[in-house]
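The following exercises are meant to be worked through with the sequence and the model in view. Each task is followed by a solution in steps.

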Amino acid sequence: MFAYLVRRVIGAVVLLFIVTAVVFSIFFLVPRIGGASADDLASRYVGKSAGAEQIHEVAVKLGFTDPIYVQYGRFVKGLFVGQDYNYGPATEKCPAPCFGYSFVTQQPVWPDLVDRIPVTLSLALGAAVIWLVAGVGTGVISALKRGSVVDRSFMSVALAGVSLPIFFTGLLSLSIFSYKLGWTAQGGTNPMDASNPLEWAYDLILPWTTLAFLYAAAYARLTRAGMLETMNEDYVRTARAKGLPERNVVVQHGLRSALTPILTIFGLDLGLLLGGAILTETTFSLPGIGQYAVISLRANDLPKVLGVTLVAAFFIVMANLVVDLLYAVVDPRVRIQ
Amino acid sequence: MRRNRITTAIAVSAVAALSLAACGGNNDNSSGNSGGGASTAKAEFNAAVGKVYNPSDKKGGTLRMAITEDWDSTDPGDTYYGLSWNFVRNYARSLVVFKSGPGAEGTKVVPDLAETLGVPSDNAKTWTYKLRKGIKYEDGTPVTSKDVKYAVARSLDKATLPNGPTYFNDFLLDVPKGYSVYKDKSLSGVAKAIETPDDQTIVFHLNKPFAGFDYFAQLPATAPVPQAKDTGSKYREHPLSTGPYKFDSYTIGKQLTLGRNTNYDPATDPDSGRKALPDKITVQYNVNGSDIDNRLQAGDLDIDIAGTGVQPETQAKILANPQLKAHADSAAAARLWFTVLNSDVKPLDNIHCRKAVLYAADHEGYQRAYGGSVGGDIATNLMPPLVAGAQKFDDYGFETAKTGDLDKAKSELQQCGMPNGFSTNISYRADRSKEKATAESLQQSLKRVGINLTTKPYPTGDYTKLYAGKPDFAKANNLGLIVYGWGADWPDGFGFLSQIVDSRTIRATGGNTNLGIKIPAVDQMIDQALQTTDQAAREKIWVDIDKKVMSEAAVLPGIWAKGLLYRPDTLTNVFVNDGFNMYDYTAVGVQK
């Protein structure tokens, strides 16, 4: 078990390095294929009327005139040892892990990430709890009452949830619940500014439910399908025949077996979401990693892009690792292997 | 199956009903959440254009602003956005400034830190300003002319402060290449360019005459910065204020809060028109655009600081709803959407072929591409009407033949030896749907006389650097027509025309904003205008330049742009300032 864990962790670290190398290559090599020079790249980060000289100065300052492997080496060194940054009158030390300084705002990237991760975590984890409970719950009920009005209406609502894009449901909810009725917080409210957990939850309730609506739908359908399959198994009939209460039969025997695929999907979904719920954060103007990704991509801001990509990759890798470990808990057959 | 369909239909109808409820117009247009009383002024369309709407002197409240992205920098020496030049006047006082007044008043430059406008000498190569006494920073220390000198000098360092305009780099005398105040702490490199004989006087020496230097002096880069407190690229986090407000808190990319600067003395600021009505100003960054519009309409937000107008879907909603339209202002901008006719690409090297394009184009179609009359007015020449001294003229009959004059076009084609038309490419910025619509409209209208266009989209970010703005690329790829747009840095002839018609700004390496206009006579007239200190005479030269470019058929003007702004009931003392083409951010107040 321990050896397995160590192997997975090493694999994860190697993967993260590969991810950064790929992002670096895309950023620098692709424009080169199009014939762009270091100065051409730098011209994105200057004012409207900058002359060739000034563009070249910026290219030198941002390190574009160095070979790519030197720039990459600088980045990796910064992660482990830190970097020095000349902000004009003096130099400041950017401690490890230093993700560099934004090409656009000249601010260090790591503090921004640290600031924004809690927002995305709050959004993703809160919504995850809601969609798991709601999705699995409605899926179980639908499966047990297959063919009834309850089943049909749950599945129809699920269909709507899966089909409606989040920027539609999000803007609509904000319009109705925040502005017309005044029940929920405005767009752009930072939940981490809340002074107590109740306010934090109030700030997030609308993004949570909107995001959960999207995912719960898929989970409801998945759970329903899984449950229908397991509830027809022989061992479930045996359990009932043994005289176990229905609740035990459903949860411990039916649901538990149906959970494995749900767990897989959940790991993937949560990992992706932790890396930045881009559409939700943009719709609700939440200052999380997803919004940061949009800002950094729009501005072609490599240090920020690298930071966001690494954070996203890290969460996805971690989530998958946790899911793999959880299999052993949920499914005894894996443990024996 | 039947039941499933019914329940699905019910679910979908429920959603549709909800959407209609949300999209239905507000039947109550007085602001709810802000709790303000009904405004005394009557809301109507364009109430804040050319005049002050809901005038007020009442101080208090918080002005809540938001923007979909961010602007380049809050450092006055490192910013080039129009909205920033408007907003920065709240915390930075430059030598002179655009007056806070409605309509044309806002295009006038008036003294701010300086007692009077600049005094030229030596054939407009030397400019002298005398600072008012008693002006202090937010920490109580006095402002001296050395601080203004330092502020301008630091803005020359484009490696540390890359975003701002380069007018001082281009015009100041003998500034060394790659100059940086951080390497030259004694400022010896700018000793010839800027003199400060005493604490109240500052003298600028230029490398060539420039009669419009007051427009340089209004740049935020002349707002004073004490050398000891300069933190280079970090200065944006908290620039030291000389204006009525100072930075209370600022998280880059998230929120900025300004509070009153108790060391600002209004008695030292008699000319600018600043009113400093709100007690606090907040700006939220990276807010969803549709959300901004919804909040404006609900009264939960006071101003979209971008100042370029509401989102397209909101625009349609506003124009269709009389209640909402009464809260809208159509702000004219010193901006022209146009198409350059590239004389590097045959047969557009022949003036008659170029004139054929001007005659055959559908001007209403061009206007429709930008949303119809709310997007702007059909342009008949280059300079937008609100540029100081601009004259409108219609040599090609754009207004009498709005959909084009095909007979004249065909006659011009005969004269250039292409009676059956010709083929060429038209480029536009790929992610700008209005430019795409323009290209397609021109494709259709020019086809009527046999001019066949193939559309060529290119990425916006590199449009001028690598594609349309790189002469070799444009020529090699047959880009005969180049769709573009240009907004004046400030509303005078130089501010509008210099960077788009002066052939000497064209660089082979790309990054050009002049996409192919090369007329020697125009270059000569520009040099003359730069030296003419008499304003009326100078303005006439810019009009002559406009006429010359049009007579050479070098450009197809499209429309003079307008933005549809939304004005919530929470605003007091609001008006469009023609110097910035958006609401004036130093005069506006809020109902409490």
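**Exercise 1. A hairpin and its neighbour**

Task: In the hairpin of β4(B) and β5(B), determine which residue takes a positive phi.

Solution. The model is a predicted one. The hairpin of β4(B) and β5(B) has four residues between its strands, and Asp122(B) is the residue with a positive phi, near 55 degrees. Next, consider the pairing: strand β4 (residues 119-121) of chain B runs antiparallel to β5(B), with three bridges between them. Within this pairing, Ser121(B) has Thr126(B) of β5(B) as its bridge partner.

Then turn to a further partner of β5(B). Strand β7 (residues 201-205) of chain B is joined to β5(B) by five bridges, again in the antiparallel sense. Here Tyr129(B) is bridged to Ile202(B) in β7(B).

Finally, examine the two faces of strand β5 (residues 126-130) of chain B. Trp127(B) and Tyr129(B) form the covered face, while Thr126(B), Thr128(B) and Lys130(B) form the uncovered one.

**Exercise 2. A strand with two partners**

Task: State how many residues of strand β12 (residues 328-341) of chain B are buried, and identify the strands that pair with β12(B).

Solution. Begin with burial: 13 of the 14 residues of β12(B) are buried, and the strand is accordingly described as mostly covered. One partner is strand β17 (residues 555-566) of chain B, which is antiparallel to β12(B) and joined to it by 10 bridges. In this pair, Tyr566(B) of β17(B) lies opposite Ala328(B). Another partner is strand β16 (residues 479-487) of chain B, which pairs with β12(B) over seven bridges, also in the antiparallel sense. There, Trp486(B) of β16(B) lies opposite Leu336(B).

**Exercise 3. Chain A and its contact with chain B**

Task: Describe the make-up of chain A, then find which element gives the largest share of the side that touches chain B.

Solution. Chain A contains 14 helices and two strands. Its C-alpha atoms fill a box of roughly 85 × 55 × 40 Å along the principal axes. Of the 337 residues in chain A, 43% are buried.

For the interface, 48 residues of chain A are in contact with 50 residues of chain B. Elements of chain A that give two or more residues to this side are α3 (52-61), α6 (149-163), α7 (166-180), α11 (278-284) and α12 (289-298). The largest share comes from α7(A), with seven residues. By class, this side of chain A comprises 18 nonpolar, 22 polar and eight charged residues.

Terms used:
Residues numbered from 1 in each chain as written. Chains lettered and ligands numbered in written order. Predicted model: local features only at pLDDT ≥ 70, side-chain atom pairs only at ≥ 80, totals over all residues. Buried ≥ 20, exposed ≤ 12 C-beta atoms within 10 Å, placed from the backbone. Pairing = 2+ DSSP bridges. Contact = placed C-beta atoms within 7 Å. Nonpolar A, V, L, I, M, F, W, Y, C, P; charged D, E, K, R; others polar.
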